Amino acid sequence: MSGVARATASAWLLAGGRTLCLEPWAIMGVLNATPDSFSDGGVHLDPLRAAEAGLAMVEEGAAILDVGGESTRPGAARVPVEEQIRRVVPVIRAIRRASRVPISVDTTLSAVARAALDEGADAVNDVAAGAEDPALLPLVASRGAGIVLMHRLAPPPEDAYSDRHARPPAYGDVAREVAAWLLERAALAEGAGVEPPSIVLDPGLGFGKDVRQNFELLARVGEVVALGRPVLVGASRKSFLGAAAAEPDPTRRDVASVVAAVAAWSAGARILRTHEVRGLRQGLAVAAAILAAGRLEDA
Ligand code: HH2
């Protein structure tokens with residue numbers, strides 16, 4: 001595990017001037033208030049139970065909870081604004097009653113983001129990087145909220161699982177193109193008034209990439225880190241891991257997910273999005289202990 005890229009920012013600026021410490025890592029626990037998410041669909045439909053599950057993730061080591069009301073799995077139907085709000089707001093409200101843990105809302109729509117921020121969410125996780133709703137980046141700027149800008153090729157109805165693309169999505173050099181696109185989106189976000197320390201970049205594993213392209217992106221995530229912004233990686237339970245590990249059931253891919261997240265962390269990604277917090281925290285802690293022991297030997 002030598003040659004670790006140093007993450008250049010050690011904190012993420014959130015709404016209200018709060019910051020999320022990114023060293024040595026920040027685990028983002030996934031809380032999907034959806035009936036149809038690819039691995040936890042239907043698990044968190046009751047808002048109080050969802051909040052309890054979120055708080056349990058915090059106990060296990062999550063530094064931030066990502067609450068979503070629309071599945072982004074390939075082929076998923078779009079969920080209307082009102083329904084997304086109906087799903088996410090009670091969950092955020094219930095978490096907020098019990099805890100100050102940072103919360104991001106996983107949405108591409110400004111109306112959903114606004115409702116979530118009004119309930120005390122701190123950041124917006126936009127898998128469209130502001131490209132779907134032109135009001136989203138100005139909203140984030142006006143609230144001083146954090147923003148995740150993720151790369152994807154197409155919205156979910158037009159996408160396919162990594163192992164089911166009829167032909168590889170067209171990239172010349174996948175890592176270079178993703179990094180260049182994220183740089184453009186970050187400049188656009190800043191142009192809309194978003195503070196630079198509020199911006200996190202995400203290569204969007206599983207979104208418009210086939211199995212090989214996802215692994216290449218993961219292997220070269222240091223090139224996204226080199227852009228000088230905090231980087232989030234969401235590999236958890238995704239189908240490209242299932243393809244390598246020969247595991248068709250997403251809920252049985254948690255070990256594969258830990259290995260992928262630890263690899264991303266070793267390359268400098270600091271926010272790791274996961275459905276299963278405990279195993280990831282253990283994996284990261286062991287990787288960090290190995291690194292620290294290596295440094296002692298050098299001294
Ligand atoms: N992946 C998913 C959803 N949101 N956000 C970011 N920033 N990065 C990701 O990689 C990412 C994301 C897909 O995972 P999940 O939320 O579990 O599934 P679904 O979209 O079916 O709800």
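This is a predicted model: local features need pLDDT of at least 70, side-chain atom pairs count only at pLDDT 80 or more; totals for chains, interfaces and linings use all residues.
## Around the ligand

The space that the ligand takes up is the largest cavity.

Serine 37 places a polar side-chain atom 2.4 Å from a ligand oxygen, and histidine 275 has a polar side-chain atom 2.5 Å from an oxygen of the ligand. With glycine 234 the backbone takes part: one of its N or O atoms lies 3.2 Å from a ligand oxygen. As for cover, the ligand taken alone exposes 480 Å², and the protein buries 99% of that.

## A cis peptide bond

Most peptide bonds are trans, and most residues other than glycine have a negative phi. With that in mind, have a look at glutamate 23 and proline 24, which are joined by a cis peptide bond with omega at about 0°. Proline 24 belongs to the loop that runs between strand 2 (19-21) and strand 3 (26-32).

## Two alanines with positive phi

Two alanines come next. Alanine 129 has a positive phi, near 50°, although it is not a glycine. You will find alanine 129 in the loop between strand 6 (123-126) and helix 4 (136-143). Is alanine 129 buried or exposed? Its relative accessible area is 0%, and buried means under 20%, so alanine 129 is buried.

Alanine 246 also has a positive phi, in this case near 55°. Its place is the loop between helix 8 (239-245) and helix 9 (254-266). Alanine 246 has a relative accessible area of 66%, and because exposed means over 50%, it counts as exposed.

Tryptophan 12 is part of strand 1, which covers residues 11-13. Its relative accessibility is 0%, and so tryptophan 12 counts as buried.

How far apart in sequence and in space are tryptophan 12 and serine 198? In sequence they are 186 residues apart, while their C-alpha atoms are 5.7 Å apart in space.

Isoleucine 271 lies in strand 10, made up of residues 271-274. With a relative accessible area of 0%, isoleucine 271 is buried. Between isoleucine 271 and cysteine 21 there are 250 residues of separation in sequence, and 9.8 Å in space from C-alpha to C-alpha.

Alanine 145 sits in the loop between helix 4 and strand 7 (146-150). Its relative accessibility is 1%, so alanine 145 counts as buried. Alanine 145 and threonine 72 are 73 residues apart in sequence and 22 Å apart in space, C-alpha to C-alpha.

How values were computed:
Residues are numbered from 1 along each chain as its sequence is written. Side-chain values use heavy atoms; hydrogens and water are left out. A polar contact is a pair of N or O atoms within 3.5 Å; within protein, one must be able to donate a hydrogen and the other to accept it, and residues adjacent in sequence count only if both atoms are side-chain atoms. Accessible areas come from the Shrake-Rupley method with a 1.4 Å probe; for residues, only the protein chains shown count as cover. On a 1 Å grid over the protein atoms alone, a cavity is a set of points where a 1.4 Å probe fits but cannot get out, and a pocket is an open set with protein on both sides within 12 Å along at least five of seven lines; lining residues have an atom within 4 Å of a point. A molecule sits in a cavity or pocket if more than half of its atoms lie within 2 Å of its grid points. Helices (H or I, at least four residues) and strands (E, at least two) are DSSP runs, numbered from the N terminus. Buried means under 20% relative accessible area, exposed over 50%, partly exposed in between (1.4 Å probe, protein chains only).
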